[in-house]
Amino acid sequence: MAKAFKSTHRGLTCHLEKAERDLLRSLFEDVVTMLEPEPPVSGAADEDPLWAVVGMDPRAHAVDFAAPTDDAVLRLLPDAVRDDAAASLEFRRLTERGLREAKVGALRAAALAVETSPVLLAPGTAPKFAAALNDVRLVLAQRLGLETEEDAERVHAFDDWSAAGNVDEYLALVYNFVTWLQESLMQALNESL
């Protein structure tokens, strides 16, 4: 059974069973798969080396560049300007690739961190681990249709793994576990300051 993060002289630690670590690693990898940008076409006629340096998407000038169609990815990469699709698309065009790469980097680092038991995070890496947990939570929240307080109460009502009878109940249990883990990490991080 998982034990909450705590602040120690070595860093922030928590104990997770192998099944819990496997679950987290799988969740991190699933979100990486959703976010990972397509690699640029090397040697393309319109390739600009500056794009690689500043992290701009080489397809950013393309007419068909658009917001993500998957609602979970859109929750991870929301529109920057409310009620202004053109401005949001322009911002997305210039920043999305770098944002995706930063999120993927944090998720991959988190997947590596859960390889060991106990999980040990240096205070400087804990915020990235928390960000990776939050990205997983955002995807799960979207899949569960979490929009209101009533939705949150419905999801938080699931607390018995043996009673999970369908995918939504299982996802609710996973969401609650990831939420608890992130909360314990943030509390331990606050204590370490």
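User: How much of the chain is buried?
Analyst: Of its 193 residues, 38% count as buried. Keep in mind that this is a predicted model.

User: How many helices and strands does the chain have?
Analyst: Seven helices and three strands.

User: In what order do the elements run?
Analyst: Starting at the N terminus, the order is β-β-α-α-α-α-β-α-α-α.

User: What share of the contacts join residues at least 24 apart?
Analyst: Take the contacts between residues at least 6 apart in sequence. Of these, 69% join residues at least 24 apart.

User: You mentioned Leu185. What is Leu185 in contact with?
Analyst: Skip its neighbours within four places in sequence. Then Leu185 is in contact with Phe5, Leu12, Leu121, Ala126, Phe129, Ala130 and Leu133.

User: Let's look at H7. Why does its end-to-end distance make sense?
Analyst: H7 has 26 residues, 167–192. At 1.5 Å a residue, they should span 38 Å. The end C-alpha atoms are 37 Å apart, so the model agrees with that expectation.

User: What happens at the start of H7?
Analyst: Asn166 reaches in there. One of its side-chain oxygens comes to within 3.1 Å of the backbone nitrogen of Asp168.

User: At what angle do H1 and H7 pack?
Analyst: About 95°, with their axes 12 Å apart. Angles of 65 to 115 degrees count as roughly perpendicular, so H1 is roughly perpendicular to H7.

User: Which residues make that contact?
Analyst: From H1, they are Glu20, Leu23, Leu24 and Leu27. From H7, they are Tyr170, Val174, Phe177, Val178 and Leu181.

User: New topic: Glu96. Where is Glu96 found?
Analyst: In helix H4.

User: Is Glu96 buried or exposed?
Analyst: Buried. Its relative accessible area is 9%, and buried means under 20%.

User: Which side chain does the Glu96 side chain join in a polar contact?
Analyst: The side chain of Arg92, at 2.8 Å.

Notes. Residues numbered from 1 in each chain as written. Predicted model: local features only at pLDDT ≥ 70, side-chain atom pairs only at ≥ 80, totals over all residues. Heavy atoms only, no water. Helix = DSSP H or I, 4+ residues; strand = E, 2+ residues; numbered from the N terminus. Expected span 1.5 Å × (residues − 1). Polar contact = N/O pair within 3.5 Å; in protein donor to acceptor, adjacent residues only side chain to side chain. Contact = heavy atoms within 4.5 Å. Axes fitted to C-alpha atoms, helices over the stretch in contact; angles between N-to-C directions. Parallel < 35°, antiparallel > 145°, perpendicular 65-115°, else oblique. Buried < 20%, exposed > 50% of the residue type's maximum accessible area, 1.4 Å probe, protein only.
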